[in-house]
Amino acid sequence: MSEKTYAIPNNDLTLHDIRSIVELVDSLITHGFHRGASDVHIDPAQEGVTIRFRVDGMLMYADTLSNDLHEELIARIKVLSGLRTDIHFVPQDGRFRFAQGICDCDIRVSIIPTHHGENVVMRLLRNDSDIPTLGKLGFSDHDVSRIVQCLSYHQGMILVTGPTGSGKTSTLYTLISALSSEKNSIITLEDPIEYAMPGIRQIQIHSRHGITFANGLRSIVRQDPDIIMVGEIRDTETAQIATNISLTGHLLLSTLHTNSALGSIPRLIDMGVDPYLVASTLSLVIAQRLVRKVCQQCKGAGCGACGTLGFKGRTVIAETLIVDEELRKYIMARTSHAEISRYVRSKGMRSMYEDGMEKVEKGITTQEEILRIVHE
């Protein structure tokens, strides 16, 4: 193998003389970690194995390796993840811990067969930072006060909505962290568990062993919880059980795939939940996206700190829907979307676009970035 050098930005660490697959995998993870990547993509193609990093939500090309390294590279990652090295035509998922110097992270591995061979995505879950506050995630003071108000009720259902990669899980962990105390019994159902939280009982979903979101919900109610977190409401059975649990005095937090906060209401009804149950249990919906932040060192001009991109880090843009008594009447009456929208705006709900444009005015992000992520 020819020598490869990975110069890691903003760090004294440089890896030279990579002469083995072990060193190559280590270097890819370390390089991704120091670039702030959330994922490392290893994509086989006819012309070579493409390496890309997802940084601040954007895929960045890093390198192309020779195809003759592909099998060894995949085998090494499978060994680390405890996966079958003799299976090549079936998707596999695994996980391992990587700790080398200041690079400390849990790595979630997904492998799928493609036309040119097995494709790998490694999700880097950093262990070097605490769970942030709502403010540090980027929520405005306006939205923080609305969220805190609903958390104080300690019953009902709180949903965080948005597409994949919009930061929903981070927000859920932040909410659970804010609720965590010796007075609260908190249980979570997750797929997968991304961060271990002290004092909280976290359950990993194992469909092959009969632990699904729906079955898990039925079981944990008998564990006397005050607060339940469900990683995702993804089917009718889970939606119906979750709303019924919320009706019995528990606080339930979960995520849902909708484009807006208001979109969660028809989505739950479409999943078979009675409008009465939706109105009776839903207390707050947070819809969010992640947008890139302007690099504060170069103010968007491009520098070494941001890899000449002009952006470094991401922040939340959000809208918060509070379900009050009047809105409950609208839900049960199946009032039109337009009329409900007028009502909630009169009660102080701001759209994600408005939240984003406020961040543009403060110099946190750019209008182009807001329009790339959300359209008004």
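**Entry 1: helices H1 and H2**

I began with helix H1 (residues 21–34) and helix H2 (residues 70–81), which pack at an angle of about 75° with their axes 10 Å apart. The model is a predicted one, in which local features need pLDDT of at least 70, side-chain atom pairs count only at pLDDT 80 or more, and totals for chains, interfaces and linings use all residues. Residues are numbered from 1 along each chain as its sequence is written, and side-chain values use heavy atoms, with hydrogens and water left out.

I took helices (H or I, at least four residues) and strands (E, at least two) as DSSP runs, numbered from the N terminus. The axes are lines fitted to C-alpha atoms, for helices over the stretch in contact, and angles run from 0 to 180 degrees between N-to-C directions. H1 and H2 are therefore roughly perpendicular to each other, since 65 to 115 degrees counts as such, under 35 as roughly parallel, over 145 as roughly antiparallel and the rest as oblique.

I then listed the contact (heavy atoms within 4.5 Å). H1 supplies Ile 21, Val 22, Leu 24, Val 25 and Leu 28, and H2 supplies Glu 72, Leu 73, Arg 76, Ile 77 and Leu 80. I sorted these residues into eight nonpolar, no polar and two charged. Here Ala, Val, Leu, Ile, Met, Phe, Trp, Tyr, Cys and Pro count as nonpolar, Asp, Glu, Lys and Arg as charged, and the others, Gly among them, as polar.

**Entry 2: strand E3**

I looked up burial in strand E3 (residues 37–45) and found eight of its nine residues buried. Buried is under 20% relative accessible area, exposed is over 50%, and partly exposed lies in between (1.4 Å probe, protein chains only).

Next I checked pairing, which requires that DSSP finds at least two bridges between two strands. E3 pairs with strand E4 (residues 48–55) in the antiparallel sense over eight bridges, and the two form a hairpin with two residues between them. Val 40 stands opposite Phe 53 in E4. E3 also runs antiparallel to strand E8 (residues 117–126), joined to E8 by four bridges. On that side, His 41 stands opposite Val 121.

**Entry 3: strand E10**

I found five of the five residues of strand E10 (residues 186–190) buried. In a regular strand the side chains alternate between the two faces of the sheet. In E10 I noted Ile 186, Thr 188 and Glu 190 on one side and Ile 187 and Leu 189 on the other, all buried.

E10 pairs in the parallel sense with strand E12 (residues 227–230) over four bridges, and with strand E11 (residues 201–204) in the parallel sense over four bridges. I looked up Thr 188 in particular: its bridge partner in E12 is Met 229, and in E11 it is Gln 202.

**Entry 4: salt bridges**

I counted 18 salt bridges, each a side-chain nitrogen of Lys or Arg within 4 Å of a carboxyl oxygen of Asp or Glu.

Asp 104 bridges to Arg 97, with the closest N and O atoms 2.9 Å apart. Arg 97 counts as exposed, because its relative accessibility is 51%.

Glu 325 and Arg 328 meet at 3.0 Å, N to O. Both lie in helix H10 (residues 325–332), three residues apart, about one turn of the helix. Glu 325 is exposed at 55% relative accessibility, whereas Arg 328 is buried at 16%.

Arg 350 and Asp 355 form a salt bridge at 3.4 Å, N to O, and both are buried. I followed shared partners from there and found Arg 350, Asp 355, Glu 358, Lys 359 and Lys 362 joined into one network.
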